[in-house]
Amino acid sequence: MGFIKAAVALQLLLSSISTALPAGLVGLEAKTVADVIADGTTVYDAVIVGGGPAGLSALSGLARVRRNVLLIDSGVYRNDPTRHMHDVIGNDGLAPAFFRWKARNQLAYYESASMINGTVTKIDVAGNGSVANAPFTVQATFPTGQKGSVGAKGVILATGLSDIIPNTPGVLQNWGKGIFWCPWCDGNEHADQPLGILSDLNEAASLVQEISTLNKDIIAFVNGTYTPEMRAATDKKFPGWEQYLEYKNITVENRTIAGLVRLADGGNDEHADAPTFPEHDLFRVDFTEGPSVERAAFFASFPNKQHSNVGAEMGVRLDGGRLAADGTRGLMTNIPGVYAIGDANADNVTNVPHAMFSGKRAAVFLHVALARQETATLLASHNETSLDERSLDLDPRAVWEQMNGGKVDLLDAGEFKE
């Protein structure tokens with residue numbers, strides 16, 4: 001069947017965290033709700049909300065330093081509709097579900113890491129929660145319908161984004177399978193094929209520019225947005241856009257789209273063990289008037305929104321609709337001890353490698369912050385004095401000096417630089 005095809009076939013079977021158990025690992029059992037909640041007084045070093053690449057990376061970073069950490073995964077993922085992940089070194093061409101299963105399989109070896117399916121419904125800050133002596137109380141509902149709360153010393157929000165797909169027939173049904181929004185993720189599989197742009201007029205020229213090294217035969221379907229007002233907005237956003245599209249021989253189609261109809265499925269083009277290969281999808285574009293047009297694939301620009309409201313509802317600031325995240329402080333939000341990673345945060349980078357990087361970055365900063373708190377508490381208890389803990393609002397230079405070994409270390413990376 002081949003590795004990639006097998007990954008696709010296993011996608012549904014491998015969707016549950018409870019199946020992610022290393023074969024032959026004696027004594028390791030799937031975590032239950034009772035295991036992770038216990039008597040309702042459990043306090044974890046960290047609770048991670050979300051089980052995509054960002055959340056899994058954060059779990060790995062904390063488990064590797066033996067932090068007691070819980071990941072709660074709703075089972076909803078932005079990249080789930082796509083056939084394969086790409087531009088993820090060492091994992092190019094894997095189905096997203098197989099990637100998650102593989103990661104969970106490995107993370108299950110770390111005894112301090114717990115993973116469970118559930119939806120976080122609320123996060124309370126100290127003083128408002130139900131778990132005593134915990135800076136945060138995380139409330140969740142589990143697939144069984146059971147509800148419960150756990151305490152956390154830190155919280156990592158890996159809650160992701162949701163794409164707002166138009167209700168045009170055929171778009172949502174084929175999203176991620178011949179209709180894509182990221183050239184790096186899916187564009188190469190449709191290179192040199194007749195391509196359609198799905199966007200408003202003011203986005204069309206920018207999208208053509210982004211995809212121009214992969215496709216030449218392009219029609220921009222702007223769906224009735226070619227209006228005087230939109231022309232003015234496009235002139236301001238992309239001066240010279242008309243000349244650019246003319247030079248590139250791009251047709252702008254302004255008729256209203258009635259629907260997309262799939263004529264061929266590129267998912268049937270699987271090549272065993274190949275990280276990338278052409279996917280030969282084919283669609284018919286029907287309009288409310290006039291003849292139809294055929295295209296092999298579509299590059300789209302649709303809006304998106306926060307997948308979960310728990311961050312905003314607990315007081316995390318939204319910057320441009322994204323969770324605030326300070327890159328100099330490990331992607332910490334405006335609430336000390338709470339970090340935002342992956343697509344959901346405000347650094348406006350949305351891809352799997354970035355998600356994994358952001359998860360690891362937050363894990364390192366949170367671990368160091370907790371270690372400083374523990375050090376302060378230890379010294380104060382032994383000296384019988386009051387010693388102010390170093391804040392969770394970490395100074396990046398201090399983190400660098402602690403994590404970098406210095407000149408005596410063979411891996412010394414030199415002086416701190418902003």
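Analyst: A residue is called buried when its relative accessible area is under 20%, exposed when it is over 50%, and partly exposed in between, using a 1.4 Å probe and protein chains only. The model is a predicted one, in which local features need pLDDT of at least 70 and side-chain atom pairs count only at pLDDT 80 or more, while totals for chains, interfaces and linings use all residues. Residues are numbered from 1 along each chain as its sequence is written, and side-chain values use heavy atoms, with hydrogens and water left out.

We can begin with charged side chains. Side chains of opposite charge can pair when their charged atoms come close. A salt bridge is counted when a side-chain nitrogen of Lys or Arg is within 4 Å of a carboxyl oxygen of Asp or Glu, and by this rule there are 20 salt bridges. One of them joins Arg-78 to Asp-163, with 2.7 Å between the closest N and O atoms. This pair links distant parts of the chain, since Arg-78 is in the loop between β3 (69–73) and α4 (96–107), whereas Asp-163 is in strand β9 (residues 161–163), 85 residues apart. The helices (H or I, at least four residues) and strands (E, at least two) named here are DSSP runs, numbered from the N terminus. Asp-163 has a relative accessible area of 17%, and therefore counts as buried.

Another salt bridge brings together Asp-124 and Lys-122, at 3.7 Å from N to O. Asp-124 is buried, at 9% relative accessibility, while Lys-122, with a relative accessible area of 42%, is partly exposed. In the salt bridge between Arg-317 and Asp-319, the closest N and O atoms are 2.9 Å apart; here Arg-317 is partly exposed at 45%, and Asp-319 is also partly exposed at 32%. Salt bridges also link Arg-83, Arg-262, Asp-265, Glu-279 and Asp-281 in a network.

Aromatic rings come next. Rings of Phe, Tyr and Trp (its six-membered ring) pair if their centres lie within 6.5 Å, and planes under 30 degrees apart count as stacked, over 60 as edge-to-face and the rest as tilted. A search of the whole structure gives eight aromatic pairs. In one of them, the ring centres of Phe-98 and Trp-101 are 5.4 Å apart and the planes are at 45°, so this pair is tilted. Both residues lie in helix α4, three residues apart, which is about one turn of the helix. Phe-98 is buried, with a relative accessible area of 9%, whereas Trp-101 is partly exposed at 21%. Trp-175 and Phe-302 form a tilted pair too, with 5.5 Å from centre to centre and 40° between the planes. Phe-221, Phe-283, Phe-287 and Phe-298 form one aromatic cluster.

Arg-255 lies over the face of Phe-287, at 3.8 Å from the ring centre, and Arg-100 lies over the face of Tyr-77, at 3.5 Å.

Finally, a disulfide is a pair of cysteine sulfur atoms within 2.5 Å, and the count is one. This disulfide joins Cys-182 to Cys-185, with 2.5 Å from S to S. The torsion about the S-S bond is about 70°, so the disulfide is right-handed. Cys-182 is buried, with a relative accessible area of 7%.

Conventions: A charge sits over a ring if NZ of Lys or CZ of Arg is within 6 Å of the ring centre and within 35 degrees of the ring normal.
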